[in-house]
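Here's a quick walk through this fold, starting with the sheet and ending at the ligand. Keep the structure open while you read.

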Amino acid sequence: MATLIKLDSNENPFGPSPLAVAAMRAALAGCSSYPDDDASALRRKLAELHRVNTEQILVTGGLTEFLGMLARTFLGNGLNAVTSELSFIVYRIATQAANAQLIEAPMRQDRFDLDAIAAAVNENTRIIFLANPNNPTGTLVTADEVGHLLSHVPEHVVVVVDEAYHEFATHFATRRGVKYSRSLDYVREERNVVVLRTFSKVHGLAGLRAGYGIAPAQLMARISRQRASNSSQFAASSFALFFLRSNCFQGGLEIYHPLTIARGEKTTVCKRRSRSSSLFASRTSGHHRSPLKLELTSAQTNCR
Ligand SMILES: Cc1ncc(COP(=O)(O)O)c(C=O)c1O
């Protein structure tokens, strides 16, 4: 019988690194204790990696949980969040769950129109959700474009830069000679910016539910009040172990599992794997789709 591989949420078809699996197995032996509710070890490691302070990092049960916390912190009756049309579905779900309105700015030529997003902001706007790259369209906005948007956003608005696919975007933007993101600089400058990263995609750990946000400390203190106790921290401490044992994500690794192919302004996440372990992705350019073959990087092999 054929096996169904579920990849409709851009999961990693290669699964997690065996090092991560080993770290999680080792952590299982300690699961009779309640976890470290602050995910201290992981946050310290992430803070080091991103050159921010530990209190600027919050680990949650995936970004989906973080998005809900953001909505509960900043939105409510009579308030709104702004995003682009055709963006990540959870922005709508989280906003509506907080009894607020989601305003979707129109796209221009199938890309985010950041001027339209800025123009949609009003006195009741509290959040801009910017998926970069976007899911489901796969388009990317450059660091300069985001910088331009930020200079037009009023103080009462928090800009959430959702970089769930950060590793892929960095890789392909570098190849194209484009600066992808300066979002962490904005956090270090204490701007009203929250950067989101996840372990679900490039790390192949979607089923374990862990992601994190990086924000100025004061902003993060407000968001943290929405945190549920003892949620997902068992998984988080396993990741910390993984981080401590491996240097897969620091320096040496350009990209772990290349899932996306960038062509022009479009990227599409791969949907299937060949027998030879090469990766196929669909190219969506104009009206045709053609398979592109991408060999695994040697860096990925090193992490196995
Ligand atoms: C743009 C974007 N943000 C956030 C998420 C949610 O990620 P997580 O698995 O960390 O909840 C996804 C997952 O599909 C996504 O595409």
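In this predicted model, seven strands form an open sheet with mixed pairing, in the order S1-S7-S6-S5-S4-S2-S3. Strands S1 and S3 sit at the edges, each pairing on one side only. On average, neighbouring strands of the sheet are turned by 20° against each other, direction ignored.

S1 and S7 run antiparallel and are joined by four bridges. If you want a spot to look for, find threonine 60, which stands opposite glycine 211 in S7. Helix H2 packs on the sheet here, touching S1 and S7, and its direction makes about 130° with that of S1.

These are the elements to pick out, with their residue ranges:

| Element | Residues |
|---|---|
| Helix H2 | residues 40–50 |
| Strand S1 | residues 57–60 |
| Helix H3 | residues 62–74 |
| Strand S3 | residues 101–105 |
| Strand S7 | residues 211–214 |

Which residues of H2 are buried? They are Leu42, Arg43, Lys45 and Leu46. Looking down the axis of H2, you'll see these buried residues fall within an arc of 165°, so they line one face of the helix.

On to the ligand. There are 14 residues around the ligand, and Gly62, Thr64, Asn135, Thr198 and Ser200 come nearest. H3 gives the most to this shell, with three residues. By class, the shell has eight polar, five nonpolar and one charged residues.

Conventions: Residues numbered from 1 in each chain as written. Predicted model: local features only at pLDDT ≥ 70, side-chain atom pairs only at ≥ 80, totals over all residues. Buried ≥ 20, exposed ≤ 12 C-beta atoms within 10 Å, placed from the backbone. Helix = DSSP H or I, 4+ residues; strand = E, 2+ residues; numbered from the N terminus. Arc of directions from axis to C-beta. Near = placed C-beta within 6 Å. Nonpolar A, V, L, I, M, F, W, Y, C, P; charged D, E, K, R; others polar. Pairing = 2+ DSSP bridges. Axes fitted to C-alpha atoms, helices over the stretch in contact; angles between N-to-C directions. Contact = placed C-beta atoms within 7 Å.
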